There are 2 protein chains.
Amino acid sequence: MSVTQVSIAATAAGAAGTTARTEADALFRPRSIAIIGASSDATRIGGRPIDYTRRGRFAGALYPVNPNQSEIQGIPAWASVTAIPGEVDLALIALPAKAAPQAVDECIAKGVKAIVMFSSGFAEIDAAGRAVQDQMRDRCVNAGVLLLGPNCLGVMNIHVGMMLTFSTILESIWPNPGRVAVVSQSGAVGAYSAALAMERGIGLSQWVATGNEADIDVARCIQWLAEDKATSTIMAYMEGCRDLARLRTAFESAARHRKPVLMLKSGITDTGRSAVAAHTGSDAGDNAGYDALFRATGVYRARSIEEQVDMAYACANGVFPRGPRLSVISISGGVGVLTADAARAAGLELPSPGAETQREIKQLIPFSSPVNPVDVTAQIINDMGLFNRILALVAQESVFDSVIIFLQQLGKVEKHFHGFRDAMLAARCNHPEKLFVLCGGYSAEARTEMEAAGFLIFEDPARAANAVGGLTRLNQGFARFGAETKSKQKET
Amino acid sequence: MSVTQVSIAATAAGAAGTTARTEADALFRPRSIAIIGASSDATRIGGRPIDYTRRGRFAGALYPVNPNQSEIQGIPAWASVTAIPGEVDLALIALPAKAAPQAVDECIAKGVKAIVMFSSGFAEIDAAGRAVQDQMRDRCVNAGVLLLGPNCLGVMNIHVGMMLTFSTILESIWPNPGRVAVVSQSGAVGAYSAALAMERGIGLSQWVATGNEADIDVARCIQWLAEDKATSTIMAYMEGCRDLARLRTAFESAARHRKPVLMLKSGITDTGRSAVAAHTGSDAGDNAGYDALFRATGVYRARSIEEQVDMAYACANGVFPRGPRLSVISISGGVGVLTADAARAAGLELPSPGAETQREIKQLIPFSSPVNPVDVTAQIINDMGLFNRILALVAQESVFDSVIIFLQQLGKVEKHFHGFRDAMLAARCNHPEKLFVLCGGYSAEARTEMEAAGFLIFEDPARAANAVGGLTRLNQGFARFGAETKSKQKET
């Protein structure tokens, strides 16, 4: 079979796969990868992705392309992408800008299904660069080849160890497979938010940086990830968007699939907007308009990377409160007040428990405040049974959708922790529909055990309350789109 | 000398010391302490303060008082406070509510200068409890004896190991001496914020919980701490204040002494206000009014415990920016944008560096954005000298008061860290008036070294920018009160 025949066959196959699922597979699940501009130096832009992907134990074929070497990092190298004997699903281009267009032509000739372009020096530099970028994009689109980038930090599928990036982040931390996907217009923001997520114990599915977005943009990735079976939560960063209709469709699709989109959108201030223009040349657009879009489509807008990671951590737990009614149980009246303030600011309500429950709490601890927050007082330290009974009483109250429990640093001291652990686990087990959040200090062992049992743990009361509010709003968003789908079905 | 004579002499001495300094010494620097209601059980309310204070190696006299035991935790015990042979500066009352009034009378008879009352069951319970509390307060005030509490978690002077509290926090972490004081209406909030501060490596001077505030309130403690030589930063929590004029005076005094007050004030929402009433019976007051008072007196209002601790950490560094002009240097254009947005929201400005500096940056890294944020691009990873020269150029620009540097996780990888460490230290050393903040991941060793050299380190860009904004506003507050004092001096 000649190169041309392969090209036609591959293009036809690519065109046949018209669903988003098949499209995304070329990028996220390639069976074979060519690295054009491959380097023997594992610290160079063309060397890192080979090194990382080998460390990831990627089982597919890896073809380094370099006309000057017969072997790269222990793998046979090829003089050009067209010289590779087998099919190539994905080609990574790590060449200087001036060599990139020809490489694109060769990839199209070879019949690759997707191109990832690290090369910079295009639309982010000047009009001439933009013109070259547009030409490459047009040729790819016409050939039915996906183009990620240029000027991007690549793509990773953590489940299969495909680590096509030159980010240094993998020198400091290595991701575990999980169900959180990261899509970022800025590779470094995506890499950093992923690193902070990994440090919080969050496992990742896909990671993709869109860079200059000549073809593939954040919206399209979100659309793919909304239908990606390996992904249940989407962390996203964007500076601007050229196609708001596509973005809205992607958000709606994610909501219908009950997949939280945790969006960090920059360019809020005048300085931020200028910086966006200097960085990716995007138009940061109207901030209030984006806010309205996010609200309308159930997208969670994070105000910081940390908040985005908090929410990814909270979503990974899988329990989304049925409604906004929160109970706060606190060993400290003061922390109860702080939590109440933060919860109200996050859109939550703090109804009182039933009269009978109040009466029983007051009977157990006469100096307690039995309403909401429940102040169990320091008396429980000498008789943890009091707390355990109050927890059981509050947990069974149908008036609450979520419970935040503050026990200061008692979770760091084994003898105290053992005094309330079983009651906590029982409450968690008996009320699977409720969200339970522990606020306070916990030892590493206690933390691991309680998180595995389905508790969220936050040190700061305000962050705990904010996460409960966020999960509640996300669930309301899902319900809204679920309900819409339902009523539409009824209409037909 | 009879008991009555001792009492009169001591009271006279107390009355003679009319300055706040001498008053505070009775509470913060007692030479001798009686523990009334002392327990042999180191886990009980009357046992913990003895155990903790012995672990703190307090060098003063400690007199356990318990009519049923001759020795408590290895220390000779006394049948009553009046039976103690030497002078008693401070008496701690850890008795049930009904026994407290008589103990107060005996303390006054003995001539103690300050009473700390753990006992609860007074104003926080009902009107009858408030009446008893008021009577005790009146007797103390008439006798010139300070009364802390009742229903409070005590007082600590970390420098002398005086740990008069029954908080369990000391089971999980032990404070190092330092210059941050904590004053809290809620003992548990104060204990928790102190614990989070300790975990951030912050050393403490004094710690005091005011509880029911029969006599001593948060305002009076801030006034004392404003003049306390061991303290340079004050973390405070309050739910309400009965004497706003005193509070204002205390804040102004702190500002004149260039001591940041980092205030967490709860009761912001309707639910929070109800919870405040249930907790301490305080009136949370008008939130906007408090906001205005804080702004007018240069007090930093923290929105969470975490933010309060962030600011304590930032203040401990000792560098307060001269003005709001921030430079951001980032390896990531995207993080640069996020930082710019957060900085603007925190009241900072991001002017451009001089034309010559811009030209030189562009010469060093052609693809960089040389304005502000400076995007140094990933090119620096392969040639850290480029970053080092840009850092030196930006640091010497007189247009900047602060610099935030984002290098992602490079600080976690030794070979990268060694590539920029010396340039960072040189910049820090050459420009002592400027605030340098590192944003990103750093190894424990790198963090220790850079913090010791005077850098602040934050993982999250928004928290970094917020801290710079906070330090800037605090310094503006100091200047405002310094200027006022100066012009007043000129008038006289």
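Start with chain A. Helix α9 (residues 244-256) and helix α11 (residues 287-296) of chain A pack at an angle of about 30°, with axes 10 Å apart. Axes are lines fitted to C-alpha atoms, for helices over the stretch in contact, and angles run from 0 to 180 degrees between N-to-C directions. Helices (H or I, at least four residues) and strands (E, at least two) are DSSP runs, numbered from the N terminus. Angles under 35 degrees count as roughly parallel, so α9(A) and α11(A) are roughly parallel to each other. Which residues of α9(A) and α11(A) make the contact? From α9(A), L244(A), L247(A), R248(A) and F251(A); from α11(A), Y290(A), L293(A), F294(A) and A296(A). Contact means heavy atoms within 4.5 Å.

A quick word on the source. This is a predicted model: local features need pLDDT of at least 70, side-chain atom pairs count only at pLDDT 80 or more, and totals for chains, interfaces and linings use all residues. Residues are numbered from 1 along each chain as its sequence is written, chains are lettered from A and ligands numbered from 1 in the order written, and side-chain values use heavy atoms, leaving out hydrogens and water.

Now chain B. Helix α4 (residues 100-110) and helix α5 (residues 127-143) of chain B cross at roughly 0°, their axes coming within 10 Å. So α4(B) and α5(B) are roughly parallel to each other.

Last, the sheet. It is open, with 5 strands in the order β2-β1-β5-β6-β7 (chain B), and the pairing is parallel. Strands pair if DSSP finds at least two bridges between them. Its edge strands are β2 (61-65) and β7 (146-148) of chain B.

Definitions and conventions: Parallel < 35°, antiparallel > 145°, perpendicular 65-115°, else oblique.
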